Amino acid sequence: MTKKKGIRCAIIYILLIVFLVITLLPYLWLVLTSFKTKLDAFSIPPKVFFQVTFDNYREAFLDGGMLKNLRNSLIIMIAAVGIGLAIGLPSAFAFSRFKTRGDQFMLNYLLGTRFTPFVVLALPLYLIMSKCGLLNSFVGIIVAHISFNLPFVVWMMKGFFDAVPKEIDEAARIEGYSWFRVFLSIDIPLAKSGLAATAVFCAINSWNEFLMALILTGRDTATMPVAIPGMLTPQGTLWGQIAAVGTVITIPVLIFAIIVQKHMVAGMTMGAVK
């Protein structure tokens, strides 16, 4: 029995290793290509050992202006996630703790907005932002990203607040806590795992969003996903610079996910075991 169990574990580990190699190989190839010259990047057979160069990063971020697009992406992501959580957390807490007529309808309406394709909302949002003078501004694209993230925040965090026993809130209320203090001092710390998971997903959605950023931003506010197609020039595709930008574009969200990894994993598995 022990031998069979060992063989089963070995097979599982082998399958996991193969899965990791297949999953990480494209990203590893992207990183390696960002440090290669054009000659090395297209060599046949592919070179694993080569002379490292940082020209792709210099040409993309310093000469090509991608550093400005990186700054724009960071500003938009941080603002969209921060404001979205600031609005969505109290809403989720209210849906969880206070039952009112029509609250289920409102929750279903919020969920329905997540099913709406972005392309359907592109023209209305463009016209609204144009009338309000918010085209090519951080405010316009941040508002658009908040509107997409907010239903997700409310639905996700409502589930995590529901998992917090209401008896804890009632005990705090008896001690003289206001509902606002219960929300800040008790429920948010207890649901911090869910908060971390929600924040990461919202950050990824905002960081990688392309369509609305393409429509609502301009030269001064364009994000990195919008700027990348500019590297497809009539003289040819700048694959080395695209690889450099692709490598850098993964770093902020990766760092953010690593920082909150412990809470994020707990948040995604919260409620799986009673």
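**Notebook: salt bridges, cores and surface of a predicted model**

I began with Asp63 and Arg58, whose side chains meet in a salt bridge at 2.9 Å, N to O. The term stands for a side-chain nitrogen of Lys or Arg within 4 Å of a carboxyl oxygen of Asp or Glu. I note that the model is predicted: local features need pLDDT of at least 70, side-chain atom pairs count only at pLDDT 80 or more, and totals for chains, interfaces and linings use all residues. Residues are numbered from 1 along each chain as its sequence is written, and side-chain values use heavy atoms, with hydrogens and water left out.

**Entry 1**

I looked up the accessibility of Asp63 and found it exposed, at a relative accessible area of 53%. For these classes I used under 20% relative accessible area for buried, over 50% for exposed and partly exposed in between (1.4 Å probe, protein chains only). Salt bridges with shared partners join Asp55, Arg58, Glu59 and Asp63 into one network. Within it, Arg58 also bridges to Asp55, the closest N and O atoms being 3.6 Å apart. Because Arg58 and Asp55 are 3 residues apart in helix α3, about one helical turn separates them. Helices here are DSSP runs (H or I, at least four residues), numbered from the N terminus. Arg58 is partly exposed at 36%, and Asp55 is partly exposed at 36%.

I then turned to Lys47, which forms a salt bridge with Asp40 at 3.0 Å between the closest N and O atoms. Lys47 is partly exposed, at 36%, whereas Asp40 is buried, at 10%. The structure holds 8 salt bridges.

**Entry 2. Nonpolar cores**

I searched for nonpolar cores, that is, sets of buried Ala, Val, Leu, Ile, Met, Phe, Trp, Tyr and Cys residues joined through side-chain atoms within 4.5 Å. The largest has 35 residues, and Phe61, Met66, Met157, Phe161 and Met224 have the most contacts inside it. Among the elements giving two or more residues to this core are α3 (55-63), α7 and α13 (239-259). Its largest share, 8 residues, comes from α4. Another core, of 15 residues, lies apart from it and includes Ala80 and Met129.

I also listed contacts (heavy atoms within 4.5 Å). Setting aside neighbours within four places in sequence, Met224 touches partners including Phe61, Met66, Trp207 and Ile249.

**Entry 3. A buried asparagine**

I checked Asn149, which lies in helix α7 (residues 138-162). Asn149 counts as buried, at 3% relative accessibility. Beyond four places in sequence, Asn149 is in contact with Arg114, Cys202, Asn205 and Ser206.

**Entry 4. Aromatic pairs**

I paired rings of Phe, Tyr and Trp (its six-membered ring) with centres within 6.5 Å; planes under 30 degrees apart count as stacked, over 60 as edge-to-face and the rest as tilted. The count comes to 9 aromatic pairs. Phe35 and Tyr57 have ring centres 5.2 Å apart and planes at 40°, so the pair is tilted. This pair links distant parts of the chain, with Phe35 in the loop between α1 and α2 (38-41) and Tyr57 in helix α3, 22 residues apart. Phe35 is partly exposed, at 21%; Tyr57 is buried, at 16%. I also recorded one aromatic cluster formed by Phe93, Phe98, Phe161, Trp179 and Phe183.
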